[in-house]
Amino acid sequence: QRILMREQQRAQFQQQINKFNDICWETCIDKPTSKMDNKTETCIVNCVNRFIDLNLLCAQRFAQILQQNGGF
Amino acid sequence: MDSPPSTGRLTGAQREELIEQVKQQVAIATAQELLTKISEKCFKKCIAKPSSSLDSSEQKCIAMCMDRYMDSWNLVSKAYSSRIQKESMR
């Protein structure tokens with residue numbers, strides 16, 4: 001019931017992290033090194049936030065596009 | 001925790017066991033997904049020209065790759081949590 005919902009939320013959270021890490025790994029890391037440098041860390045944090053910003057922007061704009069076109 | 005069962009015939013103990021099972025299954029599925037991802041990513045990054053075995057430089061690359069992927073994962077987790085908190089306080 002409530003507990004199952006909480007577990008589902010936790011699973012969704014993990015899914016999101018997997019997705020972001022997938023994308024930001026490709027974006028920020030060229031060749032694996034022996035440790036994370038500052039530049040890479042900054043890139044990854046920025047990547048997460050910019051990807052979220054992009055999703056929000058696309059959702060808004062898509063709603064507008066649908067309105068203009070009167071749906072599909 | 002011996003309250004009257006609200007879900008049909010499950011006792012308190014059975015309910016707890018079910019919840020533990022669900023948690024475990026979610027954890028296992030998450031770990032499997034992560035492992036699959038890591039394998040894909042590190043293959044792409046480390047094995048440019050597949051040969052008849054994994055040489056030592058490829059093995060070293062794979063080890064570093066896995067460590068860095070987990071570092072990245074932790075970073076993403078923190079960044080995402082912060083962002084969620086920030087958004088929820090608007």
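I take a polar contact as a pair of N or O atoms within 3.5 Å; within protein, one must be able to donate a hydrogen and the other to accept it. I keep in mind that this is a predicted model.

**Entry 1: B:R68**

I started with one arginine. Which backbone oxygen does the side chain of B:R68 reach? I found that of A:T33, at 2.9 Å.

I then looked up where B:R68 sits. I placed B:R68 in helix α2 of chain B, residues 56–88. Is B:R68 buried or exposed? I read a relative accessibility of 9% for B:R68, so I noted the residue as buried. The cut-off for buried is under 20%.

I also listed the neighbours, leaving out residues up to four places away in sequence. B:R68 touches A:W25, A:T33, A:S34, A:K35 and A:M36.

**Entry 2: the annotated domains**

I checked UniProt next. An unreviewed entry gives "domain: Tim10-like" for residues 21–81 of chain B. I computed 85% helix and 0% strand over that stretch. Its end C-alpha atoms lie 26 Å apart.

For chain A, the UniProt annotation "domain: Tim10-like", also from an unreviewed entry, covers residues 3–64. I again got 85% helix and 0% strand. Here the end C-alpha atoms are 37 Å apart.

**Entry 3: the interface of chain B and chain A**

How many residues does each chain bring to the contact? I counted 31 from chain B and 33 from chain A. I put the buried area between the two chains at about 3,100 Å². Carbon and sulfur atoms give 63% of that area. On the chain B side, B:K45, B:Y80 and B:R83 supply 24% of the area buried against chain A, more than any other three residues.

I turned to the charged pairs. I found 4 salt bridges across the interface. One that I looked up joins A:D53 to B:R83, with the closest N and O atoms 2.7 Å apart. I counted 12 residue pairs in polar contact between chain B and chain A, both residues at pLDDT 80 or more.

I asked which helices of chain B supply the side that touches chain A. Both α1 (12–46) and α2 supply at least two residues each. I found that α2(B) gives the most, with 16 residues. By class, I noted 15 nonpolar, 6 polar and 10 charged residues on this side of chain B.

Methods:
Residues numbered from 1 in each chain as written. Chains lettered and ligands numbered in written order. Predicted model: local features only at pLDDT ≥ 70, side-chain atom pairs only at ≥ 80, totals over all residues. Heavy atoms only, no water. Helix = DSSP H or I, 4+ residues; strand = E, 2+ residues; numbered from the N terminus. Buried < 20%, exposed > 50% of the residue type's maximum accessible area, 1.4 Å probe, protein only. Contact = heavy atoms within 4.5 Å. UniProt positions renumbered as here; feature names shortened; annotations may be inferred. Buried area = accessible area lost by both parts, 1.4 Å probe. Salt bridge = Lys/Arg side-chain N within 4 Å of Asp/Glu carboxyl O. Nonpolar A, V, L, I, M, F, W, Y, C, P; charged D, E, K, R; others polar.
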